[in-house]
Amino acid sequence: MVVAVRWSKRKKMPPEESQSRALPVIPSVQFSSTVASGTGPKLDGAARRMKSPGKKLLPVLVFILSCLSILRLLKIAITTTTTSHSSPRAAALSSSIQQECSSSECSEVQSNAPGVESGPRKTVANSAFLIPKEFVFLSNLITNIAPCNLLVFGLQTQYLNLSSINAGGITVFLEDDPYKISLNKADSNGTRVYKVKYQVPAKKAYELLKHARENPVCAPSTSLLQQSSCKLALRNLPQEVYQLKWDVVVVDGPIGDAPEAPGRMSTIYTASILARSGKTTDVVVHDVHRMIEKWFSWEFLCEENLVSAKGRFWNFRISNQSNDTRFCSSETVRIE
């Protein structure tokens, strides 16, 4: 016991730290409730300068995206206006007749206007049906004057029924699509189908309209169509087209549904000249919702001669006693 005590006395005890020694300072982080709640001090100028460019670029970015969206919508609108409002045909052409001309003049319709040749369509998929009220309108017109001389530019399923309505009269179809004509194999009394060819594309419409307005040779008082030097005159139609006096002329051809496709400028003009060579002729133009059909109808068939309309049909009644020196009596032609 004594020995243990002596060893402990010799053992040095660790020095005691002074109570006055300063403890190390540990930085403390305090979160201010005022900053979290948004009521604290504002950001300094450097922080504001870092955030302000983003705020300025945001309206510019929104403006650019809006412009791109508007341009895209305009492109879609322009594209859709150049397309045809047409539906595919659901049935083949019913039986009618096909009569080919014995001479080359009957198989090709040429205009004097130079231009790119546009061949006929190989299919009838783009040909539009007449809606029911349009067919009833046209049928009633033929029924009221049958038997009559009926000339039709174009060939559609419903039009073949017009030859039955016009029993005892003469019905002539002028068509440029060989496929449509090939479906007609049987002959029928007083009905004929001629293959024709149009060479002037729809994109030449304004050029031809300007030509007709500036040249007296295109006036309705000109001589026979076959000798006309007007660029709109169809001079190589079948002979009976020029020889007969037509009671009704229907313009629904050529297709005219694209800039490069054959347009109806010459058929509307030629129909107006043929109508003025008879006593009284009804000229019925289809697809008047389209620009060319509307323009050329107002120009050569005249608003004052418009007697009725149904669907996409306009019916003009023209007498050979009126408008001898010019087509329309009004000085200005309505073009919409």
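**Entry 1: D287**

I looked up D287 and found this residue in the loop between β5 (280–285) and α10 (291–300). I note that the model is a predicted one, in which local features need pLDDT of at least 70, side-chain atom pairs count only at pLDDT 80 or more, and totals for chains, interfaces and linings use all residues. Residues are numbered from 1 along each chain as its sequence is written, and side-chain values use heavy atoms, with hydrogens and water left out. Helices (H or I, at least four residues) and strands (E, at least two) are DSSP runs, numbered from the N terminus.

I read a positive phi of about 65 degrees for D287, although D287 is not a glycine. Is D287 buried or exposed? I recorded D287 as buried, since its relative accessible area is 7%. Buried means under 20% relative accessible area, exposed over 50%, and partly exposed in between (1.4 Å probe, protein chains only).

**Entry 2: C302**

I then turned to C302, which lies in the loop between α10 and β6 (306–310). Its phi is near 80 degrees, a positive value in a residue other than glycine. C302 is buried, with a relative accessible area of 0%.

**Entry 3: Helices α7 and α10**

How do the axes of α7 and α10 cross? I found that the axes of α7 (residues 205–214) and α10 come within 11 Å and cross at roughly 5 degrees. The two helices are therefore roughly parallel. Axes are lines fitted to C-alpha atoms, for helices over the stretch in contact, and angles run from 0 to 180 degrees between N-to-C directions. Angles under 35 degrees count as roughly parallel, over 145 as roughly antiparallel, 65 to 115 as roughly perpendicular and the rest as oblique.

I listed A205, Y206, L209, A212 and R213 on the α7 side, meeting I292, W295, F296, E299 and F300 of α10. The residues of this contact (heavy atoms within 4.5 Å) divide into 8 nonpolar, no polar and 2 charged. Ala, Val, Leu, Ile, Met, Phe, Trp, Tyr, Cys and Pro count as nonpolar, Asp, Glu, Lys and Arg as charged, and the others, Gly among them, as polar.

**Entry 4: Q158**

I located Q158 in the loop between β1 and α5 (160–165). Q158 is buried, at a relative accessible area of 12%. Leaving aside neighbours within four places in sequence, I found Q158 in contact with F129, L130 and F135.

**Entry 5: Cis peptide bonds**

I noted a cis peptide bond between A146 and P147, with omega about -5 degrees. P147 sits in the loop between α4 (132–145) and β1 (149–153).
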